[in-house]
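Visitor: Please put the model on screen. I have some questions about it.

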Amino acid sequence: MEARYRVAVRSLCDFTAREGDLDHRFTPSPSAREGIAGHVLVAGRRGAGYEAELPLSGSYRGLVVSGRADGYDPRANRLEEVKTHRGDLARMAANQRALHWAQVRVYGALLCAKRKLETVTLALVYLDIATGRETSLTEEASAAELAAFFEVQCRRFLAWAEQESRHRQARDDDLHRLSFPHPEFRPGQRELAEGVYKAAATARCLLTQAPTGIGKTIGTLFPLLTAMPRHGLDRIAFLTMKTPGRRLALDALARLGAGGGEHGEERRPLRVLELVARSKACEHPDKACHGEACPLAAGFYDRLPAARQAAVTRGWLDREALREVALAHEVCPYYLGQELARWCDVTVGDVNHYFDAGGLLHGLAQADGWRLALLVDEAHNLVERARAMYSTELDQRHFSRLHRSAPPALVRPLGRVVRQWQALVREAGPASEGEPGRPAYRILEGLPDRLVGALQLLAAAITDYLGEHPTGSDPELQERLFEALAFCRLAESFGDHSLCDLTRHGRGHAVVGLRNLVPADFLAPRFAAARSCVLFSATLSPAHYHRDLLGLPEASAWQSVSSPFTSDQLEVRIQGGISTRLRDRAASVEPIVAELAGQYRQRPGNYLAFFSSFAYLEAVLARLREAHAEIPAWAQTRGMQEADRDAFLARFRPGGGGIGFAVLGGAFAEGIDLPGDRLIGAFIATLGLPPFDPFNEALKARLERRFGHGDDYAYRIPGLIKVVQAAGRVIQGPEDRGTLVLIDDRFGHRLVRSLLPPWWRLGQCQ
């Protein structure tokens with residue numbers, strides 16, 4: 001019979017063999033890297049003739065099941081499924097063990113059919129990654145028994161598989177007829193859409209720079225949905241940097257018919273899922289995530305089939321709809337969303353869902369062999385976001401405090417960490433002192449191996465303790481455990497892409513950091529695993545900066561969409577008589593205030609003024625209020641809450657006037673829309689350059705050695721990306737007119753001007 005649907009062994013068993021409670025007490029599990037290393041270790045211990053990563057497949061009534069068994073010893077006729085773990089194996093939940101047995105039995109059935117075996121020994125091999133100790137559980141099984149088990153699993157899955165096959169056909173048939181939802185493309189939007197479609201058709205990565213205001217969200221989603229049936233794409237992931245980006249993507253998908261129409265139009269056969277953070281989706285944040293504590297975890301897998309069916313029938317699963325379905329079936333909304341990521345056509349979520357070390361979407365794509373297409377919005381932020389994903393730090397005070405109040409079983413391992421930390425501080429010697437009142441900072445020559453070793457032993461000890469005391473434990477124990485594990489995992493992959501540093505804030509208060517400098521080494525495999533990827537933003541120049549630092553494939557394409565805006569829409573002035581360098585800031589306050597007041601008097605209206613720091617902003621604001629009290633002024637503040645941010649933006653009223661003060665690179669420097677006369681101009685009193693300090697100098701040196709563009713990559717390009725993003729708030733539509741004043745003599749330098757948008761008509765420095 002012709003294959004109608006394909007499924008991986010693991011996905012099949014996840015679907016058919018899970019039952020009982022959701023239970024995350026037997027955590028944290030080993031990392032993917034540790035799991036791979038564990039499998040290699042076990043295979044290396046086996047004798048000659050051992051077959052590792054054995055490909056197996058079989059079919060049942062048009063359903064093709066395939067996967068790779070961990071290992072088979074032909075001489076012993078023993079098939080192994082290897083699982084890595086931490087802590088006491090006896091604490092593993094029974095339903096987790098049952099899932100593992102289901103996997104090895106399916107592999108056993110496929111092996112017997114392929115090798116014409118009558119019997120086989122099945123073995124679950126559990127490897128403790130901390131000790132290297134193996135625990136083997138075995139059973140003898142006949143080919144007939146295993147074939148019967150395989151057929152039961154396939155029958156359980158077959159109805160779902162047939163439904164999925166019908167859905168895929170209906171989805172593709174519908175997308176063949178997809179039309180653009182507006183009467184015509186905006187200027188530049190068709191060019192953008194054509195580039196995205198071509199990237200999908202040729203299975204390439206594309207960097208596309210397109211101006212703010214042309215409709216990039218729908219201009220990328222429409223062509224990719226169009227390409228989906230024509231080029232065999234299984235899934236699309238729309239990845240964003242901030243929550244507002246998710247909302248824009250969902251709005252665009254709704255306009256494309258995925259959510260149904262406002263007047264009862266039929267919804268497209270396209271499943272859309274919004275992924276949100278666990279902290280935002282959890283209904284019971286005060287309860288532990290297992291069946292004995294949380295009612296939505298109790299019996300989760302027993303109620304999951306009905307919830308899953310209801311969800312895919314509904315199809316449109318933004319945060320509110322997903323929560324509604326989950327609560328109707330009394331299951332956890334967050335983990336229902338994790339399950340549905342496997343079955344939805346378009347997933348909208350944060351970039352970490354694919355690019356983070358444990359990214360859900362990357363894991364699913366690898367496990368199920370998806371032809372996945374990525375759309376990365378506001379991609380100019382990906383360099384810094386990825387650096388943060390692959391960086392971590394530990395605070396000495398946290399571990400010292402925990403040592404003083406630790407249960408007896410953890411006193412020794414915590415004491416070892418405390419002593420190694422003290423030794424590290426002594427051995428580091430004198431550190432470079434920053435400005436008065438600032439902490440001492442030193443870049444270490446390599447990893448603090450003895451501290452890392454102590455942290456590894458501590459992680460194992462805390463894991464054991466938490467397993468033995470699943471309720472009533474100090475929450476700080478788990479926090480320190482996750483911090484230690486994150487540090488140790490990054491330490492395993494430490495290399496030229498990162499550095500280790502030590503910051504001393506005072507006696508007994510040191511912070512050790514692992515800082516990623518070049519995310520390319522971590523991201524390159526992620527880009528290679530995707531069928532195609534489109535990174536888009538208004539600020540992606542120069543292309544080589546993003547290609548190098550993100551690790552894009554060599555064949556990646558570059559597209560710069562022509563701006564629909566003209567130079568007569570934006571008056572750009574360079575105020576070159578002022579220096580905003582740190583040493584000159586006190587002297588710059590008065591002339592900056594004069595520039596702001598002069599422009600406001602010449603053309604009253606709403607303006608934004610951007611500065612490099614809150615201290616600089618506050619100094620200029622105070623002087624403006626003192627010298628020109630008649631000019632309304634309001635300011636961004638440190639740690640601004642959402643309601644306060646909304647109030648800040650509400651001051652930009654049509655027909656109003658005043659100057660809003662903000663920090664460059666902050667909440668108001670990108671992603672906000674103030675059309676028409678809600679904003680008629682901006683002042684940018686900084687080049688946005690990162691501070692000249694030991695860390696950024698080390699970053700510059702590393703980037704110079706690796707790419708030959710140290711100063712540009714560490715300072716100039718990141719700073720000017722922020723400048724152009726902030727300036728983009730002024731002109732966002734064909735009717736907008738405005739003024740941009742660039743305040744610093746360095747804006748007149750040739751290298752700086754070359755990185756500014758070509759459609760800006762830069763006047764002479766004043």
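Visitor: Which residue's backbone oxygen lies 3.1 Å from a polar atom of the side chain of Arg729?
Guide: Arg729 is found in the loop between helix 25 (710-727) and strand 25 (738-743). Helices (H or I, at least four residues) and strands (E, at least two) are DSSP runs, numbered from the N terminus. A polar atom of the Arg729 side chain is 3.1 Å from the backbone oxygen of Ile672.

Visitor: How is this model to be read?
Guide: The model is predicted: local features need pLDDT of at least 70, side-chain atom pairs count only at pLDDT 80 or more, and totals for chains, interfaces and linings use all residues. Residues are numbered from 1 along each chain as its sequence is written, and side-chain values use heavy atoms, with hydrogens and water left out.

Visitor: How far from Arg729 is the nearest side chain of opposite charge?
Guide: Arg729 is buried (under 20% relative accessible area; exposed is over 50%, partly exposed in between; 1.4 Å probe, protein chains only), yet has no salt bridge. A salt bridge needs a side-chain nitrogen of Lys or Arg within 4 Å of a carboxyl oxygen of Asp or Glu. Lys and Arg count as positive, Asp and Glu as negative; His and the chain ends are not counted. The nearest side chain of opposite charge to Arg729 is Glu378, at 6.1 Å.

Visitor: Which backbone nitrogen does the side chain of Thr686 reach?
Guide: Thr686 sits in the loop between strand 24 (681-684) and helix 24 (694-707). Its side chain spans 2.8 Å to the backbone nitrogen of Gly688.

Visitor: Why does Thr686 count as buried?
Guide: The cut-off is under 20% relative accessible area. Thr686 counts as buried because its relative accessibility is 4%.

Visitor: Is Arg10 buried or exposed?
Guide: Arg10 lies in helix 1 (residues 9-16). Its relative accessibility is 53%, so Arg10 counts as exposed.

Visitor: Is Leu485 buried or exposed?
Guide: Leu485 is found in helix 18 (residues 475-492). Its relative accessible area is 4%, so Leu485 is buried.

Visitor: How many charged residues are in the lining of the largest cavity?
Guide: A cavity is a set of points on a 1 Å grid over the protein atoms alone where a 1.4 Å probe fits but cannot get out; lining residues have an atom within 4 Å of a point. The lining includes Tyr390, His497 and Phe522. Ala, Val, Leu, Ile, Met, Phe, Trp, Tyr, Cys and Pro count as nonpolar, Asp, Glu, Lys and Arg as charged, and the others, Gly among them, as polar. The lining has five nonpolar residues, three polar and no charged.

Key:
1 Å grid on protein atoms, 1.4 Å probe; cavity = no way out; pocket = protein on both sides within 12 Å on 5 of 7 lines; lining within 4 Å. Polar contact = N/O pair within 3.5 Å; in protein donor to acceptor, adjacent residues only side chain to side chain.
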